[in-house]
Amino acid sequence: MDTRIYAHRGASAIAPENTMAAFKKAVEFGATWIETDVDIIGDGTPILIHDSTLDRTTNKSGSYYDLKVEDLDDIDAGSWFSPEFAGERIPTLRELVAFMNETGLNANIELKSNEAGAKMSLELVDAVLRELEALDGPQVIISSFNHVLLKILKDKAPQYRVGALFVAENLWDDWRSMLELVGADYIHPDDSTLTRAQVKAFREAGYGVNVWTVNSPARANELFNWGVTGIFTDNAHQMLRH
């Protein structure tokens, strides 16, 4: 596997995360892969947003689980970052897929661990798979911290490569069992406590290793020397120059 730099939530250091502006900036700086987060709103539309509420990255507040797609037009997802991005919308997964087809951009799509219950979580999986059917060429990796959802998705659509996300606190010694049970192709570990020995074990077990979130070029270089296959970074605009 080639080493990859994933623009984390797009070029999120220089544009509002998980917006089309951030994805376009990433492409302008030469990114061939971005990472984004997907959850679902009340009418079944998959949208690209990290949090389970609107508060941090929009001019609205509260949950989006009861919204309809037309409600997105009234939500500003750019002004919080900079006046330059006033009026940026929360994108739908459909919009991203169209942009990927247009540009050849590849994406790691992170399934959020939906907080509204099993029914809506399963609807999220099905809705994402429906939208991805429109992909014409670009590659995707589907990742999640929710390994149950990831297993369900892999069983429904084994053609997609999946990556199991781990925070440092739950990267236990049973990682191999978990990855095999999920049917994972990649492990996506937290950088904060990652060791060379762990990377070696993951690679020897046959898994790609994509590490989050790495914003230092020196650390990125060290990780690549250890054998990791990719890093997620907020600073893709800088990393891609190295």
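So, where is A11 found? A11 sits in the loop between strand 1 and helix 1, and I'll come back to that loop in a minute. Before that, a quick reminder that what we have up here is a predicted model.

Let me start with the overall picture. The protein has eight helices and nine strands. For 242 residues, a compact globule would come out with a radius of gyration near 18 Å, and the protein has 17 Å, so the two agree. As for contacts, take the ones between residues at least 6 apart in sequence: 56% of them join residues at least 24 apart.

Now the surface. We get about 10,500 Å² of accessible area, and carbon and sulfur atoms account for 48% of that. On charge, there are 37 negative side chains and 22 positive ones, with the centres of the two sets 5 Å apart.

Okay, back to that loop. Strand 1 covers 4-8 and helix 1 covers 20-28, and R9 lies in the loop between them.

For context, most residues other than glycine have a negative phi, and most peptide bonds are trans.

And A11, where we began? Buried or exposed? Buried, because its relative accessibility is 1%. Leaving out residues up to four places away in sequence, A11 touches A22, K25, A26 and D234. Going by the helix 1 range of 20-28, you can look for A22, K25 and A26 there on the screen. For a sense of distance, A11 and V167 are 156 residues apart in sequence and 22 Å apart in space, C-alpha to C-alpha.

Which residues does the cis bond join? W212 and T213, with omega about -25°. T213 is found in the loop between strand 8, which is 208-211, and helix 7, which is 217-226.

That's my tour, thanks.

Notes. Residues numbered from 1 in each chain as written. Predicted model: local features only at pLDDT ≥ 70, side-chain atom pairs only at ≥ 80, totals over all residues. Heavy atoms only, no water. Helix = DSSP H or I, 4+ residues; strand = E, 2+ residues; numbered from the N terminus. Rg over C-alpha atoms; globule rule 2.2 N^0.38 Å. Contact = heavy atoms within 4.5 Å. Areas by Shrake-Rupley, 256 points an atom, 1.4 Å probe, with all protein chains shown as cover. Lys, Arg positive; Asp, Glu negative; His and termini not counted. Charge placed at Lys NZ, Arg CZ, Asp CG, Glu CD. Buried < 20%, exposed > 50% of the residue type's maximum accessible area, 1.4 Å probe, protein only.
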